[in-house]
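Morning, everyone. Please bring up the model on your screens, and we will walk through it piece by piece.

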Amino acid sequence: MAEYSLRTPLAENDTAMLRAGDVVRLTGTIYTARDAAHKRLMDLLDQGSPLPFELKGSVIYYVGPSPAPPGRPIGAAGPTTSYRMDTYAPRLHALGCKASVGKGKRSDAVKQALKDHGAVYFGATGGAGALLSKCITASRVIAFDELGPEAIRELSVVDFPLLVINDSHGGELYVQPDRAAAGLE
Amino acid sequence: MRTLSATHVVDAVAKMCIDSNRILPQDVRARFAECAAGEESPAALEVFRQLTENYELAEKTGLPLCQDTGLAVFFVEMGEELRIEGMNIRQAINEGVRKGYADGFLRKSACDPLTRANTGDNTPAIVHFDIVPGDRLKIAFMAKGGGSENMSRVTMLAPAQGWPGIKKFVIERVAEAGPNPCPPTIVGVGVGGTFDYAPILAKKALLRKLDDVNPDPRLAAMEDELLEALNMLGIGPMGLGGKTTCLGVKIAMSPCHIASLPLAVNIQCHSSRHQEVEL
């Protein structure tokens, strides 16, 4: 398992070299979007309207941060559970999104999209929202302000700690539960 | 009849909302340390290291432990000889939530189920009331995150399925949830009652401390047996593999209909944030 420092936007060879289990420190600009924002993005795509950020090479972070207290760029900002974005992710990968950041399992359709479009799925530590916010140096709402915590934010991150959960070659880091050992089978 | 000003309730509730979201309970911290000591996998150890650094940082900076500061869930025991002055008890609790979530820079996560429009102040709170003898007011608060709540289930087993059926359902639920609810989790199990009551039992069980022992020896044995089985799943911290899939199992039981065996599994993430106050 290798360790890499990467910068956004991610290029084809950035994601191609990554394997499940690799540690990545990500620096640059990433975009937040969760359930409601994804639905809005799909609506824009359906209408043929431009998106609020460039999808090509982008990294989308599934997060709804807590409000920024005075003197800080953002509140706690850890990942939300990713499967809720599974219906939207393949379309975004097809349009050039290179990675998503969340926690938890992805669908087979998403894993296939990662392979088809040379993208990866990163995990960040769920429930470590205070710790992860230390790596975010700036935050600015760029779309759907009315969605509150679900608005799309442009985040500047420095050495944001990520783990490759699903790579673009079909590899996966999550272990399968041992049902037999737990007495199920 | 004792009279209590609603402003005391508002302030106490606001404080609990803020403190719970910043300060991880001591029993959870201690369990992290115990479980980390038993782990060998570097990934599992790294998760425990980050979670430890996270609670230390949250306490120091006042940032919430997790950005999901939860729906506000309350269990209230109100003495029969107590009267709240200025607001009714439900209003006072909601006012406290409003204040706490605003003043503490906590995320407002309550929304309309269909339009998904945010209510803007994290109300309405989910409040379970109990009327008890005396003139005291006991309020337990839990900040319940959505990720682990989504992995929770309720089912109606056949009485013939008994304990083996209960055990199988709980293990299968935790196995299927895998990395999604932020393991290592705490599993609240409600057995009996009715379709609506079993999940309340399960949720209330999550208010117990991790290091307490169920006073009912039968339930204590069931909790131990389930915890051991769940940790054999090998899901581990964050689903990265390891010996710690669950930090604890808490079971509550109540008599049920002769035709039924209601069962609820309420999953709590490792960020188990709850507090209790007596006024």
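Start with one pair: Lys138(B) stands opposite Glu278(B) in β10(B). Strands here are DSSP runs of E with at least two residues, helices are runs of H or I with at least four, and both are numbered from the N terminus.

Quick housekeeping. This is a predicted model, where local features need pLDDT of at least 70, side-chain atom pairs count only at pLDDT 80 or more, and totals for chains, interfaces and linings use all residues. Residues are numbered from 1 along each chain as its sequence is written, while chains are lettered from A and ligands numbered from 1 in the order in which they are written.

Back to the strands. β5(B), residues 137-144, pairs with β10(B) in the antiparallel sense, over five bridges. Two strands count as paired if DSSP finds at least two bridges between them. Another bridge partner in β10(B) is Glu276(B), which goes with Ala140(B).

What joins β2(B) to β5(B)? Eight bridges do, and the two strands run antiparallel. Here Ala72(B) stands opposite Ala143(B) in β5(B).

Now the whole sheet. It is open, has four strands in the order β4-β2-β5-β10 of chain B, and its pairing is mixed. On average, neighbouring strands are turned by 15° against each other, direction ignored. Axes are lines fitted to C-alpha atoms, for helices over the stretch in contact, and angles run from 0 to 180 degrees between N-to-C directions.

Helix α1 of chain B, residues 6-22, packs on this sheet and touches β2 (71-79), β5 and β10 of chain B. Contact means C-beta atoms, placed from the backbone, within 7 Å. The direction of α1 makes about 35° with that of β5(B).

Is β5(B) largely enclosed or open? Six of its eight residues are buried, so β5(B) is largely enclosed by the rest of the structure. Buried means 20 or more other C-beta atoms within 10 Å of a residue's own; exposed means 12 or fewer; partly exposed is in between; here too, C-beta atoms are placed from the backbone.

Last stop, two helices. The axes of α6 (residues 162-177) and α8 (residues 217-231) of chain B come within 10 Å and cross at roughly 35°. Lys167(B), Val170(B), Ile171(B) and Val174(B) of α6(B) meet Leu226(B), Ala229(B) and Leu230(B) of α8(B).

Technical notes: Contact = placed C-beta atoms within 7 Å.
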